[in-house]
Amino acid sequence: MTVVSTGTEALSVLDEQSIDCLISEYRLPDGDGLHLLEALRIRDNDVPFILYTNAGSETLASRAITAGVSEYIQKADMDGISELIDSIEALLWEQSRREQSSKLGEMQTLVEFIDDYAIFLLEDDGRIASWDSGAENIMGYTRDEVVGEHLSILFPRDMLEQGVPSDLLTKACVDGHATTKGWCVRKNGSRFWAEVILIPHYDQSVDSRRFSMFTRDLTEQQRWEERLRQEHELTTRILSTAPVAIAIHDADGTRRRMNARARDILQITPSYDDQSVEDQNEVHYYTLDGTPLNDRDHPTQQVLASGEPLFDHEVIIERSDDSRVHVSINSVPLFDANGDIEQVITTGQDITELKNRERRLYETQQELEQTVDTLRQTNHKLQITETRFEALTKNSSFAVISIDGSNTIQYANETIEEIFGYDPETLVGSSITRLMPDELAPKHKTGLKRYLETGNRHLDWEWVELPGQHKAGHEIQLGLSFGDISVDGDHLFTGIIRDITEQRDRKQELERRRKELSELIDELERSNAELEQFAYVVSHDLKEPLRMVTSYLQLLEHRYANVFDEDAEEFIGYAIDGADRMRQMIDDLLTYSRVGRDNTAYKPVDCEQVVKDVLSSLPDMDTATITIEDLPTVGGNRSQLVKLFQNLISNAIKHSDTSSASIHISATHQPDNWWCIAVTDDGHGIPPDSHDDIFNLFTSLGDSDGSGIGLSICRKVVEQHGGQIWVDSELGKGTTFFFTLPPCDTAETEHADS
């Protein structure tokens, strides 16, 4: 039996001697047990190798088995010592019976080396035959105190009453070994939970059967195992009930476990729990901007590569049904005793709804900011409006009053006091019927109720005249305009009120005067019609006797020319000339009267052609120079327009200062589509104080021998066409007559209006 401390020393022993079995810890000062196994296999593949260690884990066990150890036994396992002994016995029984005692002796040396077990020998009757340091450490007895005593001193009274010591000896003899777990007692009387193993064997040195007894204090292990069990149950419970997804990966990235929440997020059924996510579903990972995530960029792989934890890493997962979830991932590495990554714990929380809420919150915030901005602008506009409203109503000449749906006055400006006699502040909060006559208040309430219920109005809100009640008790006449607005379902009515008492009195007076004026106009029109009829009749009836007078005067002149002297002939000439002038005056007067009586429909009239016709019919045109610009076609009575131009042109020639008159006729298109025609001469002009008189009947200027009716005819023709005529003249600078005529496309309409 050889015991060494390092792997190097073990290899040296292998080089120097042949061994039957090698037992090694995993952790060695100069390496580990698996490296020693590798070196052992190079030298001799048949040597059994037992890895017996406290540094146990699933990963280490897997590595040990892969490396080819004969046995892998954990010290922390309660069956570990039994497994160790069984393994050693299997090797020893392969040797000859003659070497059995020697091998057991070597085994005794080996177990002496293991000081965390009480290992000692029992005689066939159960008395203690040997005592090692481990037994002394655990039980508290020295070798001298315990050798020769029965093993029952190691058990408490209740165990003795149950016959545990004798049962162990019997079972060991029958079955070849006996194992139990229960309470043992130390020298000081304290109890501890122990594992007891009895193995019978034949001791040639004493030529009798003995028992090897192995006792291990499991108190701390029991506590540790209970704690592990509780922690395991707690971990399982946490995994199953945790609201976040949890997955556990090995160092090679293989997923070993995941909870129900993780399966829900990834849409994985429990039957696939032993497979990787990628193997069972089409699950794709994306960054927040939609870029596909490579395998090496997966949070778990990043942790495996860097060894550093990863927190709050957000990804988008696309599942097999094409739905997407937004997940926040935390991934943390767990290290083994050597500092290597043993596992990675990854948690994930579905924050899709959170992100949706954040998005909605952001949108709401944007909308709120817009609303606040709108409200701010609205408030600013409202402040401006209120300022303007206050300025308008405060300094207004009319009263402003607002009421709600219950007839209560909410606002009244200062003008209310001027109209009704009430202080505005005393009116606020009272009923609007306070300002109404008693007989009007019920009608107002009925109408307001009907409007609030149906929206129907029975008054013209834009303007209505109603009586009001002054504070002094007398009625006042009011003009009112209404408007309403609804705010949160509440109606607010605002009225603008004017005191129209004086206005109404003036209106009634104007109406009375208008009626009188209308009657006077009717009388004047009747009188004018009678006058026109009289003038027409008189003119027509005077022509016949005047013609007789003229004829007889001419007959006297011809028949008695030799009889009359020069004075008589001169007198007869005067009489004939006077009769001719009388005839011309009667003709002009008939023409004037016909203008008002001619209702011929207006038609398009070419003014330029009218002027040409007039010029061709007038005598003495050789002494006049007449120029014509482009004249328009107007709507009118052609015969009347002929008279108009004839009188104006004749008048210009007659009043010329030179032997050859210069006359210019032009036209200007007005903005209202009418035409303004001008007839300009170079005569001696008209005095300014006569500009208004020349259009009156029987008005002549200077030594003119005209009838004084020509310009009156011109004015009547123009006014009959709906136009105006006026004169612009200065003495010595000539005269221009202006008149307006309608366009041809509105001639009949204008004629009807006129």
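Predicted model: local features only at pLDDT ≥ 70, side-chain atom pairs only at ≥ 80, totals over all residues.
You'll find D565 in the loop between α18 and α19. A negative surface patch takes in D565 along with E557, E566, D567, E569 and E570.

Which helix gives the most to the negative patch? That's α19, spanning residues 566-597, with 4 residues.

## Salt bridges between separate parts of the chain

Charged side chains also turn up in pairs here: the structure holds 22 salt bridges. As a general point, side chains of opposite charge can pair when their charged atoms come close.

Take R209 and D124, whose closest N and O atoms sit 2.8 Å apart in a salt bridge. This pair links distant parts of the chain, 85 residues apart. R209 belongs to strand β9 (residues 208-217), while D124 is in the loop between β6 (118-122) and α6 (133-139). How accessible are the two partners? R209 is partly exposed at 36% relative accessible area, and D124 is partly exposed too, at 39%.

Then there's R638 with D613, a salt bridge at 2.7 Å from N to O. R638 is in helix α21 (residues 638-654) and D613 is in helix α20 (residues 607-617), so this bridge ties together parts that are 25 residues apart in sequence. R638 comes out partly exposed, with a relative accessible area of 37%. D613 counts as partly exposed as well, at 30%.

## Strands β12, β13 and β14

Now for some strands. β13 (residues 310-318) pairs with β12 (residues 284-286) in the antiparallel sense, over 3 bridges. On its other listed pairing, β13 runs antiparallel to β14 (residues 324-335), and 7 bridges join them.

E318 is a handy residue to look for when you trace these strands. In β13, E318 stands opposite H284, and E318 also stands opposite R324 in β14. Between β13 and β14 the hairpin has 5 residues, and D322 takes a positive phi there, near 70°.

## Helix α22

How many of the 11 residues of α22 are buried? The count is 9, and the helix, which covers residues 710-720, is mostly covered. The buried set is G710, L711, S712, I713, C714, K716, V717, V718 and Q720.

After α22 comes G722, which has a positive phi near 85°.

Key:
Residues numbered from 1 in each chain as written. Heavy atoms only, no water. Salt bridge = Lys/Arg side-chain N within 4 Å of Asp/Glu carboxyl O. Helix = DSSP H or I, 4+ residues; strand = E, 2+ residues; numbered from the N terminus. Buried < 20%, exposed > 50% of the residue type's maximum accessible area, 1.4 Å probe, protein only. Patch = residues over 30% accessible without salt bridge, like charges linked within 9 Å, V, L, I, M, F, W, Y side chains within 5 Å. Areas by Shrake-Rupley, 256 points an atom, 1.4 Å probe, with all protein chains shown as cover. Lys, Arg positive; Asp, Glu negative; His and termini not counted. Charge placed at Lys NZ, Arg CZ, Asp CG, Glu CD. Pairing = 2+ DSSP bridges.
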